[in-house]
Amino acid sequence: MAGRMMVRALAAALLWGVAPAALPAQPATDVIPARTQGQGIGPFQRVVLHNAMMIDGTGAPAQGPVDIILSGDRIAQIRSARAADSGPAADHVVDLTGHYVMPGFVDAHVHLHTLASAQGVPADYVLKLWMAHGVTSVRDLGSGSIEWLSAIKARSARNEIVAPRIDIYPMFHQISGSPVNDAETARAVIRDAKRRGADGIKFIGGPPEDVLYAALDEARKIGLRTTMHHSQQMVAYGNVLQTSEGGLNSMEHWYGLPEAMFTDRRVQDWPVDFNNDDEQMRFGEAGNLWRQAAKPGSDAWNKVMDTLLERKFVLDPTFVAYLTSRDFMRMSRALWHDSYTMPALWDYYRPSRVHHGSYWFDWTTEKEMAWKENYRLWMRFVNEYKNRGGAVTVGSDSGYIYNLYGFGYVQEMELLREAGFSPIEVIHSATQVGARALGHEDQVGTIRAGRKADLVIVQGNPIANLRLLFGTGTMKLNDATGKAERVGGVAWTVKDGILYDARALRREIREMVAKAKADRGLPPGPMPIEASDTTY
């Protein structure tokens, strides 16, 4: 019981801004192993990626075939594959006939969960799922102490471990370990975060109004980027128009955006018995939020959009984070869960009064219908924002609500496509736009001579079918055999000029999951959600 109460308290702290006494210590057993000789080859003095089609990340169409020449951790040259090679002999050549090459993907919203978190998964498992899906840069929005993440960030930068680049955005209310209740302390906390190694700050929960705006102002002054989950506790004094005016750079999810377009109320129309700590009630009512806002194309709609565009504000919608709300069965029975979801994570996903995002106590058709309409309006705003020049990034927020690391990132790409983005626009958001939002556009996000050699290589054309990027690939009929086959899956992930066999990484992950199941006496294959004695 004491352990359950501690988990509940921590979940509340993470969600609602109640500062815990301390973040959970990372267990000594959850060591991220050093990269072995068999995990990644290179970097080399001269690598030729030969005869590939290239999507350079700028929004330009695919071109090729090209040779992409790497030198150490950098892209040295891009040339036609038909050009004669008069340069020095290559140390390594990869024939990429039939493959497409893209810049390494940027996941703008992640959490590096561990054995100490409620998800109970090894950090190494999470890192490798990202890398196996071509994610070479991530923005961590709260996963433990700044110092702990800084150590992992440094090991990743030295390529001592299999891991993407990491930007650290601690949750504001967790930085000091105690409540912040005045503006002066808020400013001191922001300065302390930068001193300790933070790259930015994430706001969530309910900091008092004066504390919030003092912290935003201080972050702007000292050059820390900021983002926010506009929680219900603060949205009355902090919708997206107000926070962006206060210096906020970007927003997560969508809370705070429709509230800025209310025309006949100040706050959401909650039921009289609403309890914000009841997650099914909170998420259920969230599905009714967009319909309470101004209509698409109205004066209020355009005013909010025009203002955010003028402020160069970044939207990180994380559509996938809420996808289960509109289709529980699809998300909970996704193909990849069978081989890639750890049993401890499955335990976390199951309906629970304790775990965040496990609010499936009595999820109805009517709730899903409301969420489908929510998505229709939300997607329309995001697509129009992109069409008018606004920045939209790709973030997955995985590890909650049947949303699996790596796989959720590709689902987010598909959801942007559903919103109206073209495939090239989706890839642009996943690469250059993401790199720009993190402040790393001069290093990653595009395929260009002098940039870091961070690349995603997939067999087949992802413009024609984004599903090729899933770790499970996609299904295709082999007409020669008359049988269905799995094709695709990222073939190679390149980071700092090191070539990682993504298929080998995924095999390693499957072996981790299989061992965890065997240790519990569980059979391979799908895991049940409901009690084992439930029969129909």
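Tutor: Let's start with Asp-192 and Arg-195, whose side chains meet in a salt bridge at 2.4 Å, N to O. A salt bridge here is a side-chain nitrogen of Lys or Arg within 4 Å of a carboxyl oxygen of Asp or Glu. Both residues belong to helix H4 (residues 183-196), and being three residues apart there, they are separated by about one helical turn. Helices are DSSP runs of H or I with at least four residues, strands are E runs of at least two, and both are numbered from the N terminus.

Keep in mind that this is a predicted model: local features need pLDDT of at least 70, side-chain atom pairs count only at pLDDT 80 or more, and totals for chains, interfaces and linings use all residues. Residues are numbered from 1 along each chain as its sequence is written, and side-chain values use heavy atoms, leaving out hydrogens and water.

How covered are the two partners? Asp-192 is partly exposed, with a relative accessible area of 22%, while Arg-195 counts as exposed at 63%. The words mean under 20% for buried, over 50% for exposed and in between for partly exposed (1.4 Å probe, protein chains only).

Now for some other pairs. Asp-124 and Lys-128 form a salt bridge at 2.9 Å, N to O; they are four residues apart in helix H2 (residues 123-132), about one helical turn, and both are buried. Arg-165 and Asp-454 also pair, with their closest N and O atoms 2.8 Å apart. Arg-165 lies in strand E8 (residues 165-168) and Asp-454 in a loop, so this pair ties together parts 289 residues apart in sequence.
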